[in-house]
Amino acid sequence: MIRFEHVTKRYPDGTTAVDDLSFEVAEGELVTLVGPSGCGKTTTMMMVNRLIEPTSGRIRVGGEDIAGVDPVRLRRRIGYVIQQVGLFPHRTVLDNTATVPALLGWKRAKARARAAELLDLVGLDPKTYGPRYPEQLSGGQRQRVGVARALAADPPVLLMDEPFGAVDPVVREQLQDEFLRMQAAVRKTVLLVTHDIEEAVRLGDRIAVYGQGRIEQFDTPAAVLGAP
Ligand code: ADP
Ligand code: ADP
């Protein structure tokens, strides 16, 4: 579903953030990208939705070379969840969740019904929370709305950058559990960036262990933990 072929990203100041990276993620697979700060995880992920363009190499999503895909159209097929969720403050939780279906031109009733379904899926009762505004939610609840919004248009691919980083450890574990349950139901192809090896092990079907600009190991959690 996602395929990197000899991808390099050099920033204008000369920093090589990603160096000749090749890997493949299967449909429905959840891959966690783990490693110290500054080793290229976020750069890798943001090249998948063309928020960052590679310097060289090729990236395919669903077999298609994304260099030829309009970035706005591409982003509507790819869900994206970041640590500071960035919900629209003046829109209700339900309308925030319905953002992408609305952009895709779905009928209002259909978009809102879909949004309610997704809020339910992430554990927020749509009747209670749908009419609220983001500032009326806890951090963990906002994070769930971020996940619901990213999934509302049913994109085949989901990118997550430290999605559970901004909440306390107890809520974090709860969100991880809920996310795993949800992923078992919807089976998205997921890239999830974390600096927390425990989270990488807990969530990943496979783990990409980063060193400076490279993936040093790409294997199942058991194999990564068993490594000398
Ligand atoms: P990670 O997500 O693993 O923390 P990043 O992909 O954010 O790593 O960054 C990889 C490297 O690229 C770092 O050295 C970082 O400082 C550098 N970098 C990231 N964004 C830019 C940018 N816009 N301009 C220059 N260097 C950047
Ligand atoms: P426009 O170009 O009309 O402003 P965008 O496509 O930029 O619309 O999207 C508007 C908002 O919706 C953005 O803030 C973006 O974060 C969010 N958004 C767009 N596509 C997605 C997506 N696939 N997943 C999650 N949020 C998205």
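This is a predicted model: local features need pLDDT of at least 70, side-chain atom pairs count only at pLDDT 80 or more; totals for chains, interfaces and linings use all residues.
Tutor: Residues are numbered from 1 along each chain as its sequence is written, chains are lettered from A and ligands numbered from 1 in the order written, and side-chain values use heavy atoms, with hydrogens and water left out.

Student: What makes Lys 41 a polar contact of ligand 1?

Tutor: A polar contact is a pair of N or O atoms within 3.5 Å; within protein, one must be able to donate a hydrogen and the other to accept it, and residues adjacent in sequence count only if both atoms are side-chain atoms. An N or O atom in the Lys 41 side chain is 2.9 Å from an oxygen atom of ligand 1. Therefore the pair qualifies. A polar backbone atom of Thr 42 is 2.8 Å from an oxygen atom of ligand 1. Taken alone, ligand 1 exposes 560 Å², and the protein buries 63% of that. Such areas come from the Shrake-Rupley method with a 1.4 Å probe; for residues, only the protein chains shown count as cover.

Student: How do you know which helix gives the most to the shell around ligand 1?

Tutor: Helix 1 (residues 41-48) does, with three residues. Helices (H or I, at least four residues) and strands (E, at least two) are DSSP runs, numbered from the N terminus.

Student: What makes Arg 75 a polar contact of ligand 2?

Tutor: A backbone N or O atom of Arg 75 lies 2.6 Å from a nitrogen atom of ligand 2. Ile 78 has a polar backbone atom 2.8 Å from a nitrogen atom of ligand 2. Taken alone, ligand 2 exposes 540 Å², of which the protein buries 57%.

Student: Why are strand 4 and strand 5 called paired?

Tutor: Two strands pair if DSSP finds at least two bridges between them. Two bridges join strand 4 (residues 56-61) to strand 5, so they pair. The two run antiparallel. Arg 60 has Asp 65 in strand 5 as its bridge partner.

Student: Why do strand 2 and strand 5 stand at the edges?

Tutor: Four strands form an open antiparallel sheet in the order 2-1-4-5. Strand 2 (16-25) and strand 5 (64-65) each have a single partner strand, so one side of each is left without a neighbour in the sheet.
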